[in-house]
Amino acid sequence: MADRRNKLVVPGMPTSLVVLVLIAVAAFVLDRTPFGVTMRAFGANPVAMSLAGWSAPKYASLRYLIAGVFGLLAGLSLTAINTASDYNSGGSYTLLSVAAVVVGGCSLAGGLISPLGVVAGSVTLSLIGALLSMLNVSSDYNAAVQGVLLLVILALKTLTNKRSLDT
């Protein structure tokens, strides 16, 4: 029996890239379905959706189920990238995953999403390490700079939301 560990799923493409493309396609398709629209509506205004007759507990459970499936796919992708599994390997991605969503312009309360913004936020946060090394700053400050950037963006969002409510 041939050893298939180093074989590619699609010739010429790494397995991790194939998994990422499949996840992106699934998210795109899910977002365009009536179910995806309902999920976004619950994020934007759950009270209105409940008053309209939609089951809030049912859709909350489905949101967590879908988030868990995408978390599983992300873990499989990380394992494919590392070509090994280690339960400590994803610890450094916790801040990055939340910060990429916030930097990308999404609302932590839900309802406002921007997949391209999340990708732009991820790229921005990933380039901080390169910027620090270019400025001859130790890479030990990478997480601190990302955290400060996240706090500044959250503060700016709070200020702009307060100003829009005052007018």
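Which residue follows α5, and is its phi positive or negative?

Author: That's glycine 105: it comes after α5, and its phi is positive, near 95°. Before going further, bear in mind that you're looking at a predicted model, where local features need pLDDT of at least 70 and side-chain atom pairs count only at pLDDT 80 or more, while totals for chains, interfaces and linings use all residues. Residues are numbered from 1 along each chain as its sequence is written, and side-chain values use heavy atoms, with hydrogens and water left out.

Now back up into the helix itself. Helix α5 runs over residues 93-103, and Ala99, Ala100 and Val102 are buried in it. These three sit on the same side of α5, because they span an arc of only 160° around the axis. That arc is taken from the directions that lead from the helix axis to the C-beta atoms. By "buried" I mean under 20% relative accessible area, with exposed being over 50% and partly exposed in between (1.4 Å probe, protein chains only). Helices here are DSSP runs of H or I with at least four residues, strands are E runs of at least two, and both are numbered from the N terminus.

From here, step back to helix α4, which covers residues 56-82 and includes leucine 78. Leucine 78 counts as buried because its relative accessibility is 17%. Setting aside neighbours within four places in sequence, leucine 78 is in contact (heavy atoms within 4.5 Å) with Ser89, Gly90 and Tyr93. Take serine 89: it is eleven residues from leucine 78 along the chain, and their C-alpha atoms are 8.3 Å apart.

How does this fit into the whole chain? Of the 167 residues, 17% are buried. Among the contacts with a separation of 6 or more, 45% are between residues 24 or more positions apart. As for surface, the chain exposes about 11800 Å², and carbon and sulfur atoms supply 69% of that. Those areas come from the Shrake-Rupley method with a 1.4 Å probe, and for residues only the protein chains shown count as cover.

One of the pairs is phenylalanine 42 with tyrosine 59: with centres 5.2 Å apart and planes at 25°, the pair is stacked. Because phenylalanine 42 lies in helix α2 and tyrosine 59 in helix α4, the pair ties together parts that are 17 residues apart in sequence. Phenylalanine 42 is buried at 4% relative accessibility, and tyrosine 59 is buried at 9%. Tyrosine 59 also pairs with tryptophan 54, this time edge-to-face, at 5.7 Å centre to centre and 70° between the planes. Tryptophan 54 is partly exposed, with a relative accessible area of 37%. Through ring pairs, Phe35, Phe42, Trp54 and Tyr59 form a cluster.

Threonine 38 belongs in this picture too, sitting in helix α2 (residues 34-44). Leaving out residues up to four places away in sequence, threonine 38 touches Met49, Trp54 and Tyr59. Its relative accessible area is 9%, so threonine 38 is buried.

Last stop, the charges. The structure holds two salt bridges, each defined as a side-chain nitrogen of Lys or Arg within 4 Å of a carboxyl oxygen of Asp or Glu. Arginine 32 bridges to aspartate 31, with the closest N and O atoms 2.8 Å apart. Arginine 40 meets aspartate 31 as well, at 2.6 Å from N to O. Arginine 32 is exposed at 53% relative accessible area, aspartate 31 is buried at 17%, and arginine 40 is partly exposed at 29%. Shared partners join Asp31, Arg32 and Arg40 into one salt-bridge network.

Definitions and conventions
Phe/Tyr/Trp six-rings, centres within 6.5 Å; stacked < 30°, edge-to-face > 60°.
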